[in-house]
Amino acid sequence: MSDKQNQRLLKEAEHAVLQQYTRRHFLKDGAMGFGALALGSLLGGCFGKSSASSQTLFDASNPLVSRPPLFPGKAKSVIYIHMAGAPSQLELFSYKPELAKLDGLDCPQSLLEGKKFAFIRGVPKMLGPQAVFRQRGNSGLWLSDNLPHLATVADEIAMLNAVTTDQFNHAPAQLLMHTGSARLGRPSIGAWVTYGMGTENKNLPGFVVLTSGGNNPDAGKSVWGSGFLPSVYQGVQCRSEGDPVLFIKDPSGMDRDLRKASIDAINKVNHEQYTEYNDPEILSRISQYEMAYKMQISVPDVMNINDEPQYIHEMYGTQPGKTSFANNVLLARKLVEKGVRFVQLFDWGWDTHGDSAGNAVDIGLVNKCAKVDRPITALILDLKQRGLLDETLVIWGQEFGRTPMQENREGKKMPFKGRDHHSAAFNMWMAGGGIKGGTSYGETDEIGYNIVSGKTEAYDIQATILNQLGFDHEKLTYESQGRNFRLTDLSGKVITDILA
Amino acid sequence: MIIRIILSFNVTEFIGRFHPVLVHMPVGILMLAAIFIWLAKSERFESLRSAISISLFLGMLSAIASCVTGFLLSKTDSYEEALLFKHQWFAIATALISLVIYYLHLKNRETKWVAAVMVIFVMITGHLGGSITHGSDFLTKAFSSSGNSGNSKSIPNVQETNAFSTVIKPLLDAKCIACHGPNKQKGKLRFDEPGFISKGGEDGSVIVAGNAAESAMIKRILLPKDNKDHMPPTEKPQLSKQDIELLQWWITTGAKYDLKVKELPQTDHIKSILNSLESGKTDEQVVISYFPEQTVGKAPEVAVQQLRDRGIAIVPIAQNSNYLSANFVAVESFTGKDLQLLEPVKKQLIWLKLGNMGLTDVDLEAVGKLPNLRMLFLQNTKITDQGLPQLSNLSELQYLNLGGTKVTSKGVGQLKGLKNLRQLYLFQTAITGDDLDKLRQLFSNTIIDAGGYEVPKLVSDTTVLKAPIGK
């Protein structure tokens with residue numbers, strides 16, 4: 001080979017290496033170096049704090065390490081129970097005796113003008129409450145007989161009576177509730193929280209998702225996604241039947257030592273890659289492999305409810321080996337006990353339009369309530385007796401509410417009593433985690449159609465959750481596409497009336 | 001045009017409203033003058049003598065101005081008459097004394113004793129004025145146990161007593177009668193006798209028996225505070241939420257004067273308020289603060305890193321705090337030696353989670369040497385009564401979880417010296433029944449939760465509704 005050829009090969013190799021270091025890298029390093037120097041000294045007083053906090057939270061080599069919140073929070077973990085499909089607040093939480101008087105009458109035009117509904121067309125009839133309400137506990141909170149067990153812990157609950165959204169379809173409304181935007185692409189609240197605080201148990205994921213009711217929520221997995229946050233913060237969906245995580249077992253012929261050896265080999269190669277390219281996502285990948293290895297032992301262990309005593313099974317109404325809401329609720333308690341930061345439950349099947357008996361507010365809804373009432377009540381009592389309720393924030397969520405009118409799909413009478421999607425006013429509640437039990441916030445009009453006072457938006461609920469964990473929702477930010485993003489976007493205020 | 005505006009403008013009221021500003025001047029200046037008079041007696045402060053004259057003069061002028069504006073103000077609004085009477089005459093007396101003392105001073109006579117009398121008069125006048133605007137119990141409120149509730153005395157066996165005279169009347173006496181009573185009848189309304197209450201005021205009846213929401217009295221109490229019709233007037237002591245709920249309850253149940261409490265229907269909520277009257281204290285929440293107010297130095301970084309390497313989640317409780325929390329949940333094959341790692345951070349460590357670890361009585365010695373612990377989780381460990389005394393020096397401890405351990409009431413009782421303990425968890429321990437009651441007496445400021453909650457079986461739990469036949 002001639003010398004000339006050799007030189008050309010060398011030059012090509014050099015060129016290839018240089019190509020790895022792109023203009024993007026150069027600009028980035030430049031910006032980080034000179035830009036940070038200049039900006040840091042110039043604007044330190046103005047922006048230094050917020051940008052510093054968003055820079056330091058993500059530690060690629062140990063992305064889930066437990067981190068301090070901005071201020072000492074009352075809550076250490078969250079169990080967010082979302083009733084996907086949106087149960088009817090008028091049969092559960094919102095006592096409207098005036099609506100009963102209007103039952104069967106035509107809906108007045110004034111309520112319909114300028115309004116858009118998912119299915120209601122023309123002039124629907126009003127539908128009175130299909131449940132008996134009573135005042136419960138010392139606080140006198142109104143709850144219906146559909147949730148008789150929950151009624152016994154009414155004094156632990158802070159009821160939000162005037163929640164409102166601007167979305168009347170399931171998927172965007174769910175996204176708004178969980179990511180602060182009705183469109184795809186933003187991180188979910190569980191991702192924000194694990195990004196902000198990490199998690200206390202390095203052998204388990206920080207953000208676990210459990211679903212029940214036969215379907216995932218309409219918004220799909222984006223509703224527990226990590227958006228533009230590093231992917232390590234997305235929710236890990238676990239199953240309560242069979243293997244908790246698919247492919248978690250080692251294949252036959254692969255023992256634990258061999259698994260360890262292969263992961264070590266992969267990580268070694270990854271480390272070499274990292275020294276060459278300095279891409280933090282590689283470090284993140286290494287820690288993911290290590291965590292997956294540990295999770296092979298720890299996850300099946302924590303996801304096993306067989307070891308729970310009979311007394312607990314009776315309390316929650318759990319049946320080991322099945323997928324059920326009750327099992328998920330018990331798992332949520334176990335996970336929180338084990339230091340998991342954020343547990344997200346979705347229970348599907350609350351979309352009571354009245355198109356079938358299962359979707360009727362006086363049949364299907366009642367059956368559905370019977371399935372969740374016991375476990376949720378058991379959760380509150382169990383956390384309480386374990387001394388964990390004060391540091392665990394429990395939330396009953398839904399994407400919107402249901403209309404005080406009976407649904408008349410395509411202008412026709414429905415076979416069963418049902419209600420259409422209603423975005424203007426509905427209920428949610430919180431308990432534990434520094435929330436003042438026995439309180440009630442906000443008011444709707446006499447038929448539960450519009451809000452009168454105490455308007456509560458998804459952002460306000462998100463801000464309150466973050467506040468209880470010790471974060472100012474305006475300061476928990478992450479830079480993406482050239483600007484700092486936050487969960488509550490441009491709104492949100494903490495609902496101080498319900499805080500202990 | 002301008003003249004008309006000025007004429008329509010109530011000049012006397014306008015001048016009167018300067019009273020709250022002016023009153024502070026005679027208080028300050030006359031007091032200072034008295035101090036000068038006394039100090040000037042000594043040689044060291046003789047130079048102050050020359051200031052006495054001017055301060056007495058200014059004090060006198062401002063005292064007179066305060067009297068005039070105060071008199072004008074008293075005509076514009078109604079104040080509690082007895083207090084106003086005293087305030088007015090003490091104020092005039094103070095002004096006169098200031099005149100006298102100024103005269104004596106000009107004549108070069110001895111003034112120190114007159115000055116002392118003047119100081120006393122200034123203080124009495126000031127106190128009376130304060131009582132008019134802030135309520136007569138403003139100064140002493142700090143000593144009363146019941147905060148601002150109208151019912152400051154406990155009512156034993158409240159259910160057996162007359163609802164009006166023991167529950168409602170004390171509220172009216174405390175918050176309404178000053179203006180609507182024997183001394184003063186604003187709006188021709190009196191609340192001191194049942195007959196007067198039923199009669200109502202110049203706008204008619206204020207109570208609609210059986211309908212609190214329609215009763216003018218309740219309506220005006222519930223008006224926002226910035227509404228001029230709000231009662232009691234903003235500057236007067238307000239009714240507490242509990243007071244209002246009791247009034248609403250009494251009116252809703254018929255505004256009866258002759259029935260006992262137990263004869264009136266009660267919701268659970270009202271019942272709990274009524275019960276709280278028995279103990280004479282409103283149900284105040286136990287105030288818990290899980291972190292100290294004073295700051296602490298940074299924990300040694302090496303020690304923190306050692307803990308972290310051992311798999312212990314150790315984090316500051318907040319970004320700007322050096323206090324630490326430690327959670328052992330992810331520690332594999334725990335031994336007592338791991339607790340020695342906490343020794344270097346003992347000043348900073350305030351929250352410690354050791355639940356489900358193989359912790360024994362011997363290991364509690366190390367835990368007992370962490371003096372600043374506020375929260376301690378020891379549930380499902382192997383500790384017993386023998387180890388507990390080692391925790392008795394944790395004087396800051398507010399939260400202690402002993403669930404699922406072999407401790408008994410005897411062992412836990414030894415911790416009664418922990419004065420700050422607010423929450424004690426004893427779920428799945430042998431402590432139940434009488435033992436628990438004894439512990440609750442021993443720890444009167446502590447919420448003791450022994451759990452064992454059950455969710456009863458209901459028929460509705462298993463009933464599955466189906467569509468009616470034919471659908």
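Predicted model: local features only at pLDDT ≥ 70, side-chain atom pairs only at ≥ 80, totals over all residues.
Colleague: How many helices and strands does chain B have?
Modeller: Chain B has 471 residues, of which 33% count as buried. Its contacts between residues at least 6 apart in sequence join residues at least 24 apart in 61% of cases. The secondary structure of chain B comes to 18 helices and seven strands.

Colleague: What percentage of the residues in chain A is buried?
Modeller: Chain A holds 13 helices and 17 strands. Among its contacts with a separation of 6 or more, 76% are between residues 24 or more positions apart. Of the 500 residues in chain A, the buried part is 52%.

Colleague: Are helix 5 and helix 6 of chain B roughly parallel or roughly antiparallel?
Modeller: The axes of helix 5 (residues 49-76) and helix 6 (residues 81-106) of chain B come within 9 Å and cross at roughly 155°. Angles over 145 degrees count as roughly antiparallel. Therefore helix 5 of chain B and helix 6 of chain B are roughly antiparallel.

Colleague: How many charged residues are in the contact of helix 5 of chain B with helix 6 of chain B?
Modeller: Helix 5 of chain B contributes residues including Ile52(B), Leu56(B), Gly59(B), Ala63(B) and Gly70(B), and helix 6 of chain B contributes residues including Leu84(B), Ala91(B), Ala95(B) and Tyr102(B). By class, the contact of these two helices has 14 nonpolar and nine polar residues, and the number of charged residues is none.

Colleague: Is the crossing of helix 4 of chain B and helix 7 of chain B left-handed or right-handed?
Modeller: The axes of helix 4 (residues 24-39) and helix 7 (residues 112-134) of chain B come within 9 Å, with a crossing angle of roughly 155°. Helix 4 of chain B is therefore roughly antiparallel to helix 7 of chain B. The crossing of these two helices is left-handed.

Colleague: Which residues of helix 7 of chain B meet helix 4 of chain B?
Modeller: The residues of this contact divide into eleven nonpolar, one polar and one charged. From helix 4 of chain B come Pro26(B), Val27(B), Leu30(B), Met31(B), Ala34(B), Ile37(B) and Trp38(B). In helix 7 of chain B they meet Lys112(B), Ala115(B), Met118(B), Val119(B), Val122(B) and Gly126(B).

Colleague: Within strand 4 of chain B, which residue is the bridge partner of Lys353(B)?
Modeller: Strand 3 (residues 349-353) and strand 4 (residues 375-377) of chain B run parallel and are joined by three bridges. The bridge partner of Lys353(B) is Phe377(B).

Colleague: Which elements give two or more residues to the side of chain B that touches chain A?
Modeller: The contact takes 35 residues from chain B and 36 residues from chain A. On the side of chain B, these divide into 16 nonpolar, 13 polar and six charged. The elements of chain B giving two or more residues are helix 12 (268-279), strand 1 (313-316), strand 6 (423-425) and helix 18 (459-462).

Colleague: Why is helix 7 of chain A largely enclosed by the rest of the structure, and which residue follows it?
Modeller: Nine of the nine residues of helix 7 (residues 189-197) of chain A are buried, so the helix is largely enclosed. These buried residues, among them Trp192(A) and Tyr195(A), pack against elements of chain A including strand 1 (77-84), helix 6 (170-179) and helix 13 (458-469). The residue that follows helix 7 of chain A has a positive phi near 65° and is Gly198(A).

Colleague: How far apart in space are Phe119(A) and Asp420(A), C-alpha to C-alpha?
Modeller: Phe119(A) lies in the loop between helix 5 (109-112) and strand 2 (133-136) of chain A. Phe119(A) counts as buried because it has 20 C-beta neighbours inside 10 Å. Beyond four places in sequence, it touches His353(A), Glu407(A), Arg409(A) and Asp420(A). Phe119(A) and Asp420(A) are 301 residues apart in sequence, and their C-alpha distance is 6.5 Å.

Conventions. Residues numbered from 1 in each chain as written. Chains lettered and ligands numbered in written order. Helix = DSSP H or I, 4+ residues; strand = E, 2+ residues; numbered from the N terminus. Buried ≥ 20, exposed ≤ 12 C-beta atoms within 10 Å, placed from the backbone. Contact = placed C-beta atoms within 7 Å. Axes fitted to C-alpha atoms, helices over the stretch in contact; angles between N-to-C directions. Parallel < 35°, antiparallel > 145°, perpendicular 65-115°, else oblique. Nonpolar A, V, L, I, M, F, W, Y, C, P; charged D, E, K, R; others polar. Left-handed = near helix turned anticlockwise from the far one by under 90°. Pairing = 2+ DSSP bridges.
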